[in-house]
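I opened my notebook to keep a record of what I looked up in this structure.

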Amino acid sequence: MGNRVAIVGAGMTKFVRRAQETGKELSFQAVKMALQSCGMKMSQIDCVALGTAPDTFDGVHMKGEYLSDGAGCWGKPYMRSYVGGGTGVFAVAQGWYHVASGMFDTCLVVCEEKMSSYQPHPQGAFLTIFDHTTERPLKPNLLWIFALEMNRYMTTYGLRKEDIARVAVKNKNNALLHPAAQIASEVTLDDILKSEVLAWPVQRLDVSPVSDGAVAVVLASESVARRVTDKPVWIEGVGWALDTAYWTNRDLCYPRYVEEAARMAYRMAGVTDPRHQIHVAEPYDPFDYKELHHMEGLMLCGRGEAPQLTADGVTARDGELPVCPSGGLLGVGNPIAAAGLMKIAELFWQLRGEAGKRQIARKAKRGVAQAWGDLMQVGTVVVLGV
Amino acid sequence: MARKTGKLKAERSIEAPPYGAVGHGLSDDQFHGGAVCTTTWVADARYAWDRGVAMGRYLQGLKQGRLLGVRCDCCGRTMIPPRVFCEQCFRPVDGWVELKDTGTVNTFSLCYVTWDMKRLTDPQIPAVIEIDGASPGMGIMHLLGDVDPEDVRRGMRVKAVWKPDEEREGAITDIRYWKPL
């Protein structure tokens with residue numbers, strides 16, 4: 001399907017609570033590192049796919065265009081996509097079809113987020129996702145949706161809080177070896193369970209932080225990829241799908257939209273048995289329960305089985321199926337669009353054997369990255385392989 | 001394809017992930033002590049939302065103390081909140097159905113913070129409530145009340161507590177909250 005497309009370079013800034021740099025500056029640094037990693041110059045880039053969240057965060061209308069100079073868009077075909085939290089993985093799918101179509105030989109994918117500008121708390125920027133007639137008069141809080149989903153997941157499978165909190169322990173500890181991580185820490189299960197209750201069952205340490213940061217990757221056609229690197233990482237499959245925006249009518253226990261997106265990407269990649277053909281996974285983990293939800297939606301295990309795999313250490317960095325070896329959003333940080341692209345970058349480094357101290361123990365030839373967003377109803381999936 | 005070794009140089013010199021001395025964090029003191037520029041401009045953005053056909057009738061129902069849904073004869077679903085189309089069959093719905101003002105708690109939360117992270121002593125109890133008379137899984141978001149937070153359970157049967165007739169204005173808040181049945 002389409003021409004072959006590879007990722008040939010990646011770079012990222014540190015993720016921090018508040019960056020001194022502007023969004024343009026963060027983007028510029030990430031792009032510079034990505035180009036440097038594959039020895040390419042901006043003149044060799046044919047087009048740019050940019051992902052960045054709502055204008056509301058920055059208080060800048062047409063934020064993509066505002067960022068564009070720092071993201072290398074000057075004088076080039078440029079396209080901005082935004083599908084909420086799903087953006088970072090979707091931007092790679094968007095870049096993929098620019099190159100797979102044969103229209104371009106190279107595409108730079110840049111994702112940036114600077115959440116710290118919004119005061120007093122960026123959560124305010126999200127409140128308008130609730131329906132203005134049926135929900136906003138109830139003065140909802142964004143945490144409600146996640147707490148309601150998490151509780152539904154727990155009660156459906158009879159899970160205890162610790163079954164879910166183990167994900168936060170794993171990811172925050174994994175992030176200790178990530179040089180760009182914001183909130184890596186040696187937390188224990190007890191720390192998570194004793195952290196402040198925000199919206200039961202969601203506690204402070206179940207949640208990823210507010211972050212600033214940028215990530216960039218370079219996509220290339222097969223002929224260019226073979227010329228610039230000995231280790232291209234191929235985009236084997238891309239997929240995305242939406243569920244209904246009437247979120248209170250959805251199955252809050254199972255992300256069907258992730259399954260549909262995964263089926264699309266797996267079909268393209270020739271993956272028929274994801275449990276055995278996927279060797280490393282970076283599912284979206286803004287909350288600890290979401291990693292479990294998404295592992296099930298990605299069909300890496302059966303429904304309700306992800307907590308047991310986590311408890312058994314299967315998803316640890318040295319496990320049989322490492323999940324979020326980067327440290328994920330819970331450990332590295334969550335600059336919305338950039339967080340998803342960080343997952344793609346992590347798979348790029350893991351599959352090339354370049355993840356340094358974070359390198360997973362098992363041999364990996366194929367990985368899957370996934371993100372989630374919009375009105376909590378979009379699944380975006382990319383399968384990478386070497 | 002073979003490649004000249006000289007080109008590997010760039011790759012060799014890069015740590016994974018490659019990151020430079022960028023992404024400098026600011027401390028709280030720096031942030032609040034004037035190290036960043038802030039603006040206090042308040043955007044006076046006003047929106048006049050049309051209720052639309054389906055929602056208009058729904059709100060009219062609420063004013064009369066009734067919960068209304070719609071049905072699609074193609075997939076057989078009875079839906080709430082109402083809509084003029086069935087998004088799954090992608091055709092107009094076939095009619096209105098009066099539902100009961102009772103339901104079952106699908107899921108709930110005990111929320112101790114406001115949207116800007118200020119603490120609440122008494123939790124708000126948002127819930128998704130599956131409405132009696134609608135198809136299974138058809139819920140709406142609302143609040144629970146008149147109940148000890150400790151006692152709230154998934155599967156709990158609840159009933160709407162309406163504002164008195166004269167206070168109802170055709171809004172979702174015409175239902176104050178839902179209490180155990």
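The entries below follow that order.

**Entry 1, ground rules.** I noted that this is a predicted model, in which local features need pLDDT of at least 70 and side-chain atom pairs count only at pLDDT 80 or more, while totals for chains, interfaces and linings use all residues. Residues are numbered from 1 along each chain as its sequence is written, and chains are lettered from A and ligands numbered from 1 in the order in which they are written.

I looked up the secondary structure of chain A and found 14 helices and 11 strands, where helices (H or I, at least four residues) and strands (E, at least two) are DSSP runs numbered from the N terminus. Chain A is as compact as a globular protein of its length, because its radius of gyration is 19 Å, close to the 21 Å that the globule rule gives for 386 residues; the radius is taken over C-alpha atoms, and the rule is 2.2 Å times the number of residues to the power 0.38. I also noted that 63% of the 386 residues in chain A are buried, that is, 20 or more other C-beta atoms, placed from the backbone, lie within 10 Å of the residue's own.

Strand β9(A), residues 280-282, runs parallel to β10(A) with 3 bridges, and β11(A), residues 378-385, runs antiparallel to β10(A) with 8 bridges. The hairpin of β10(A) and β11(A) has 4 residues between its strands, and D374(A) in the turn has a positive phi of about 55°.

I found 49 residues of chain B in contact with 61 residues of chain A, contact meaning that the C-beta atoms of two residues, placed from the backbone, lie within 7 Å. On the side of chain B that touches chain A, β10(B) gives the most, with 5 residues. Strand β5(A), residues 197-200, pairs with β7(B) in the antiparallel sense over 2 bridges, and there A199(A) stands opposite C111(B).

Key:
A residue is buried if 20 or more other C-beta atoms lie within 10 Å of its own, exposed if 12 or fewer, and partly exposed in between; C-beta atoms are placed from the backbone. Two strands pair if DSSP finds at least two bridges between them.
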